[in-house]
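Hello,

Here is the structure I promised to pass on. Please have it open while you read the notes below it.

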Amino acid sequence: MRLLRRIPVFWLVIIPLLLPGLLVASWRLVFRHIAEQRNVFVETVVDFEEIRQLAREEGWSLKELFEALRKNGASSVAVSEDTLASLESEGKITVLNSKEIRKLSLEETFEMEPPAGTNTLGSLWVHSDDTALLDRIEQTLSWKIPTDRLVRIHRNLLLINKSSKGFRERVGLGFSSEYFQMADDAGLGLVVRVFNYPGLTADAAAKIINSIPTPASVSALLFAEEEMLGSRGELNKIVALFKDRSYRIGWVEFNLQDGIESYLQGLATSRPFVRVHSISRKELDQVYNVKRSVARWVRAVKDRSLKMLYIRCFFQDDKKFIENLATFNLDYLNRTVKELNDAGFRVATTPAERMHEPRHIVGKMSVYEVLAIGLALFIGLLILMRVSFWCSLDANWSLVFIAAFLFCFMVMSRSGFIAVSGLAGAVAWSCIGVIVAMRGLQAVNTGFFRSLPRFILSMILPSVIGGLLIAGIYSEIEFLLKFEQFRGIKLAFILPLLITGFWALRQYGRGCFALLHKPVTPVGGMLLAVAAASVALYVLRSGNVTFLKPSEAEDTFRTFLENILVARPRNKEFLVGYPAGLLFIFFYLRRNFAILPLLAVFMQMGQVSAVNSLCHFHTPLVLSLLRIFNGLWLGVVLGLGAVLVLAFFNLVLKLGAEKEKKAFVAGYFGFGNAGDELLWKSFYRRFSAARPDCRLVILNRSDASDAAEIPSNVSFVGRRNLFAVAEELLTAEIFVIPGGSVLQSATSRLSLAFYLTLVSFARLCGARVLLPAQGLGPFRKDNVLDRLLTGWLAVELAQAAYFSVRDSQSADLAKEIAGVVPVNAGADLVFLNEIQADGRPAKHKGNLRVAAIIRSSVAGSEKIAADLVSMKGELENLTLTPVAFQPEEDERVWRRAGWQGDILYAREPLQALAAFDVVISMRLHGCIVATSLSIPWVGIAYDPKVTAFAAACRWQFCCQPAELTRNWLEEKLNVIAGRRQEFADRLHRITGENRRAVGEDFAGMLQKV
């Protein structure tokens, strides 16, 4: 229940509305996946005319060549209607014009009584010894041209009053049945190609259709060239003729033949279509080679689930001579089939396999399924408004939205509703992820690598959800077979860019608008040109029909990616979208906002592409998801490379830059430890007074601090943002570690190595290294690594421009490990703070106010806390307040000990502890702050630092955690309570000594800067 109370009401309303749509879409997609897994058969079709030409040129018989084709993976042969040109090339007819025919003497009476029409210069004389063939030619032409243009002069001679080249080559004259039988004898399927003719009537078309073999013996019916049968004629009547004829009609991909839409509409109930992929004769001759062609065939089957491949032959070209074209093309076919087999597909060899279409099992969706998925898609618009421009949008608006949605559902047609739902989802869900990722970067200010996983997941998850919802609502056979496609594709590509770009301009656009007032530089002009060209290319290369085709180099690159990754990622994702996302994080963390809107648009391109991948409904679902995954990880890798190159290039530029008036301050800052935070603040107060011209850069946990007030000349750099740290060190004039105990290895060897790396890098970059008031040690001495670290430390201590320690123990360690005598043995920098009181008289004669600072990680701390809690309950004159210098660490022990009250977080220790009479502290800086405030304290020395400080102060109230008992603690508190003024005066004198020592130490350090 507590969790539900934390979730805004808006999401409590929206999530239940989304779940039904997600469940229904998932259910539909399971069926689709099962069908796609079964969809393994491919029909490879060879062109009979080209095969006949190969046989003739290479001396093969057609029977031999057909048998070789079948063995090498041909599934079917495409037989086209005969034409005058094809019959003449086969030697079955002779075609002469009037001038040529007059040179012949067929009969004695010929020249005396020429037949009517022989004077027409354009007439053709068709001669054949096969009278049956000539009868078929005459009959077929009579269906297409006026009969008065046909004159049967002789049983072996036909006069045709038409003679253009197109008429000879492109007018169908029926089929030679012996070729059908030849294909059947070879075990090949039959694909029939029919020529259209302008002005074709329904009666003529019926006769043409009746001349085609029965549907049972034909695998598919194709229409030659750019027209369907009946185009420019009685199209609708001709389409109706196919309703009673169960021919499977081939629809050539990327070739929108005239009349295809009428066929699709007229035969919508039966859908007797098969998608065909082909490489045109011109492309094959001029652009493609075997390797590129094979890759294209495999891509068509694997990526777009094409069922029929119309494979044309290679012929001689000008580049190289092919010795045997027949063998060459058989190898080409065999290689294509082998690549298909390797991809998990099989060549159809039987009529059942050729007709196999398992995707029909998906079926139609019910009204309720469409409604559920459509609602989930439309809700994306509501979520988009909430996360972008209308953050105060409440749950009441969801009711208004649902009412509007139901109204649209009732007034729109089913297909229209699906189209609008898909477009709304494609726009909304692709934008949600990008905007949420950018907002998340604002909300959680961490380093680059810590921000990266959340940023990328926020960007991709909504896109995948939206894409799956769209795939679910479009999971019907007409979309899976690509007879109908996603509508509004250009809007789905452009609108998200406009929405995200406008949002990013509002958030980060001040720098962009400022650029408008500046003159355009050559570099700026080049960047603008690149951006404009990128957007233009994005639009031209996107959508169901693209205006720019891939080059040979791009095809080769695509094939390489497919061979390596199985599913080729889309360029807009792994080359644009995700690298732009990583660059967005990089520039955002550097506060370079001017370029962010442009990067946001590029990020959006990648997510639009991810959604669009799932809108390719004819592509197997698993392949689309794998493509998105490959785009994701490859894009992140390339993006990291781009960031590294950019950062390295920037470092190279910084290396030669002039030093800035800047001090880089390193330490354990930003982790909530009030004692450590007090160190840099104490350093800043005195240093800024002496050097007001010098800016301070604080090494922090992140690029921002949780301090209440940040001085204007102080900035922070995240310790995990290594390139930003390197940039700051390269340009810093001074490097400082302002005391503390970071130069030790007892806690962590890695920590010591980290700080030594900073020191060495800063020194090599020319910064003056200042190490005032250091608390060295303790150091491990277990192995070679420990000796290397202490040796490294010795070198840096000797090379430092200024080095001093805060206590005698640290001075001894400096001499022991480095042979270095510190410049000064001063005190902790906390003593730099000016305290107004000259001493601390007893505040009152009431209860003893005790502040207790206990660390949870110290052995025995829970017992100490429990003793204090019990003392508080039993002693009437004791008021106990647990104080946390580091919230989580110092609070946990008190809760385990049964403390029920509040715990004071000492964000500003000097103010937080000033109200107490006694301080009990495990933390060194708790003891130091108490001393500077002249407050008597009890030290629990789990760390030698506390023991050393107590010895330096000649302070008797200190013991080890294991030695501390309740009786000892009560005894010491009674002593302090009875002699508070005496102890306060002693601590005041000690504070004065430390203040003078640290003042001299700091003055000596300032002389070095």
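Overall picture

This is a predicted model, so confidence comes first. The average pLDDT of the chain is 85, and 90% of the residues score at least 70. One stretch to set aside is residues 108-113, where pLDDT stays under 50. The model has five contacts beyond four places in sequence for residues 108-113. Where pLDDT is low, the predicted coordinates should not be read in detail.

The chain has 1009 residues, and 55% of them count as buried. Its secondary structure comes to 40 helices and 24 strands. Among contacts in the chain with a separation of 6 or more, 77% are between residues 24 or more positions apart.

The second largest pocket

This pocket has a volume of about 1,000 Å³. Its lining is made up of 34 residues, and those nearest its centre are Y668, D676, Q744, T747 and S751. The elements that give two or more residues to this lining are α29 (674-690), α31 (749-764), α37 (924-932) and α38 (944-952). Of these, α31 supplies the largest share, five residues. By residue type, the lining of the second largest pocket divides into 13 nonpolar, 11 polar and 10 charged.

Helix α17 covers residues 367-387, 21 residues in total. At 1.5 Å a residue, α17 should span 30 Å, and its end C-alpha atoms are 31 Å apart, which agrees. Of the 21 residues in α17, 16 are buried, so this helix is largely enclosed by the rest of the structure.

Helix α34 is made of 14 residues, 861-874. The buried residues in α34 are S861, I864, A865, D867, L868, V869 and M871. An α-helix has 3.6 residues a turn, so residues three or four places apart point the same way. The cover over the buried residues of α34 includes strands β19 (848-853), β20 (878-884), β22 (918-921) and β23 (937-940). Helices α35 (887-896) and α39 (966-978) are also included in that cover.

D867, in helix α34, has a relative accessible area of 15%; the cut-off for buried is under 20%, so D867 counts as buried. The C-alpha atoms of D867 and A897 are separated by 8.7 Å, and the two residues are 30 residues apart along the chain.

Two further buried positions

What surrounds S76? S76 sits in strand β2 (residues 76-80) and is buried, with a relative accessible area of 0%. Leaving aside neighbours within four places in sequence, S76 is in contact with E43, T44, V45 and V46, with L188, G189, L190 and V191, and with S219 and R354.

G631 lies in helix α28 (residues 621-655) and is buried, also with a relative accessible area of 0%. Its contacts, leaving aside neighbours within four places in sequence, are P569, E573, F574 and Y578. G631 and N571 are 60 residues apart in sequence, while their C-alpha atoms are 8.0 Å apart in space.

Backbone details in loops

Where is there a cis peptide bond? One joins G777 and P778, with omega of about 0°. P778 is in the loop between β17 (768-774) and α32 (784-799).

E225 has a phi of about 65° and is found in the loop between β8 (220-223) and α11 (235-241). S305 has a phi of about 55° and its place is in the loop between α14 (290-304) and β11 (308-311). Are these two residues buried or exposed? E225 is partly exposed, with a relative accessible area of 35%, whereas S305 is buried, with a relative accessible area of 9%.

Regards

Conventions. Residues are numbered from 1 along each chain as its sequence is written. This is a predicted model: local features need pLDDT of at least 70, side-chain atom pairs count only at pLDDT 80 or more; totals for chains, interfaces and linings use all residues. Side-chain values use heavy atoms; hydrogens and water are left out. On a 1 Å grid over the protein atoms alone, a cavity is a set of points where a 1.4 Å probe fits but cannot get out, and a pocket is an open set with protein on both sides within 12 Å along at least five of seven lines; lining residues have an atom within 4 Å of a point. Grid points are joined across faces, edges and corners, and a volume is the space filled by probe spheres set on the points. Helices (H or I, at least four residues) and strands (E, at least two) are DSSP runs, numbered from the N terminus. Ala, Val, Leu, Ile, Met, Phe, Trp, Tyr, Cys and Pro count as nonpolar, Asp, Glu, Lys and Arg as charged, and the others, Gly among them, as polar. The expected span of a helix is 1.5 Å times one less than its number of residues. Buried means under 20% relative accessible area, exposed over 50%, partly exposed in between (1.4 Å probe, protein chains only). Contact means heavy atoms within 4.5 Å. pLDDT is the predictor's confidence in each residue, from 0 to 100.
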